Amino acid sequence: MGTINRREFLRAAAFACPALAGAANALLAVPQRKLSPEDLVVLKSKCTACGDCVATCPVEAIKLKDGIAAIDNEECIDCGVCADECPTEAIVRRKDVPASEATAKPPARKEPPAKEPAGKPIAPGEEITYTMPENWVQQPLQGTGPDIKAHYVYTLQGIPYGEMFLSCQPMTGGMTLDTLFETGLAKVRPTLPYYRALGTHKTKIDGQPTIVHDFSYRPGGSGVLAIARTYTLTAGVSLFTFFFQTVQAFAQEASAYYDQVMASVKRAGQR
Ligand code: SF4
Ligand code: SF4
């Protein structure tokens with residue numbers, strides 16, 4: 001699934017749904033909150049600038065700056081993934097920062113990781129093809145995760161109403177579509193604040209089994225409710241997930257677009 005920036009989503013929601021505009025704009029206007037003892041911070045005495053946390057943060061709340069990772073606590077949803085990933089246990093609660101940190105020297109730095117190449121739309125011949133309806137505008141992939149191959153925004157008269165992210169991952173040998181879906185959902189679910197499952201069923205896309213999952217969540221823990229649907233299917237040796245989301249007021253109209261996109265999907269191979 002794609003990374004969702006809270007502020008970008010709130011801006012989109014404010015445009016997309018007049019009923020939510022007041023709440024979204026109010027959230028955007030909230031001044032920076034005070035630092036909390038529970039905020040996650042990076043210890044400069046331990047951070048080797050390896051970039052693992054940056055690569056795994058689902059909301060892009062960590063950046064490498066001046067040779068050390070820095071967490072934007074305004075964007076952080078406190079999922080804890082970065083702390084789990086950090087090989088040097090450099091990410092701790094602010095209240096747990098040792099006094100010695102103020103004068104600590106940074107450890108030897110590793111070379112910064114090579115920048116991940118941006119994903120690219122799946123081209124014909126690369127196991128899957130599909131057609132987006134009119135008014136779904138392709139977006140640049142900068143800032144999305146490495147698995148994201150395409151990002152579209154549905155716009156009507158210049159106003160965004162919905163989003164689609166397509167991710168593609170190599171399949172792990174021996175796993176079924178069901179276990180791949182369950183594993184993927186278990187991994188992503190902690191990154192979706194106020195996640196609520198709305199239903200899961202199977203269908204066929206281009207004649208092959210596909211898992212359809214409906215859920216809602218609040219991006220960035222905000223007051224805006226996102227209605228989302230994923231379609232998970234395999235093609236060749238890859239697992240593809242189409243992730244659609246919109247605001248509640250547009251959910252019914254949006255699902256007609258999802259059907260249209262999925263009816264156009266053609267798989268070039270199967271396991
Ligand atoms: S994973 Fe840990 S050591 Fe690596 S950049 Fe992040 S905080 Fe620093
Ligand atoms: S806790 Fe989660 S959201 Fe916050 S910086 Fe770490 S990975 Fe990103």
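## Overall make-up

The protein chain folds into six helices and 13 strands. The model is predicted. Of the chain's 271 residues, 45% count as buried. Among contacts between residues at least 6 apart in sequence, 59% join residues at least 24 apart.

Strand β10 covers residues 208-217, and eight of its 10 residues are buried. Strand β9, residues 196-205, is joined to β10 by nine bridges, and these two strands run antiparallel. One of the pairings links Lys 204 with Pro 209 in β10. β9 and β10 make up a hairpin with two residues between them. Asp 206, in the turn of this hairpin, has a positive phi of about 50°.

β10 is also paired with strand β11, which takes in residues 226-235. Seven bridges join β10 and β11, and the pair runs antiparallel. Here Val 212 stands opposite Tyr 231 of β11.

## Helix α5

Helix α5 runs from residue 177 to residue 188 and has 12 residues. From its first C-alpha to its last it reaches 16 Å, close to the 16 Å expected at 1.5 Å a residue. Its buried residues are Leu 177, Leu 180, Phe 181, Leu 185 and Val 188. Seen down the axis of α5, the buried residues fall within an arc of 125°, so they line one face of the helix. An α-helix has 3.6 residues a turn, so residues three or four places apart point the same way.

The face of α5 turned away from the buried side carries the exposed residues Ala 186 and Lys 187. The buried residues of α5 pack against β9, β10, β11 and β12.

## Helix α6

Ala 254, Ser 255, Tyr 257, Tyr 258, Val 261 and Met 262 are buried in α6. Viewed down the helix axis, the buried residues of α6 fall within an arc of 160°, so they line one face of the helix. On the other side of α6, Gln 252 and Ala 263 are exposed.

The buried residues of α6 pack against several strands: β6 (136-138), β7 (148-156), β9, β11 and β12 (238-247).

## Tyr 258

Tyr 258 is a residue of helix α6. Buried means under 20% relative accessible area. Tyr 258 counts as buried because its relative accessibility is 4%.

Leaving aside residues up to four places away in sequence, Tyr 258 touches Trp 136, Arg 229, Tyr 231, Phe 244, Gln 245 and Thr 246. Tyr 231 is 27 residues from Tyr 258 along the chain, and their C-alpha atoms are separated by 9.3 Å. Tyr 231 is also the residue that Val 212 stands opposite in β11.

## Surroundings of the ligands

Ligand 1 is surrounded by 14 residues, the closest being Cys 47, Cys 50, Gly 51, Cys 53 and Cys 86. By class, the shell around ligand 1 has 10 nonpolar residues, three polar and one charged.

Ligand 2 has 13 residues around it, and Cys 57, Cys 76, Cys 79, Gly 80 and Cys 82 come nearest. The shell around ligand 2 divides into 11 nonpolar residues, one polar and one charged.

How values were computed:
Residues are numbered from 1 along each chain as its sequence is written. Chains are lettered from A and ligands numbered from 1 in the order in which they are written. This is a predicted model: local features need pLDDT of at least 70, side-chain atom pairs count only at pLDDT 80 or more; totals for chains, interfaces and linings use all residues. Side-chain values use heavy atoms; hydrogens and water are left out. A residue is near a molecule or strand if one of its heavy atoms lies within 4 Å of it. Ala, Val, Leu, Ile, Met, Phe, Trp, Tyr, Cys and Pro count as nonpolar, Asp, Glu, Lys and Arg as charged, and the others, Gly among them, as polar. Buried means under 20% relative accessible area, exposed over 50%, partly exposed in between (1.4 Å probe, protein chains only). Helices (H or I, at least four residues) and strands (E, at least two) are DSSP runs, numbered from the N terminus. Two strands pair if DSSP finds at least two bridges between them. The arc is that of the directions from the helix axis to the C-beta atoms. Contact means heavy atoms within 4.5 Å. The expected span of a helix is 1.5 Å times one less than its number of residues.
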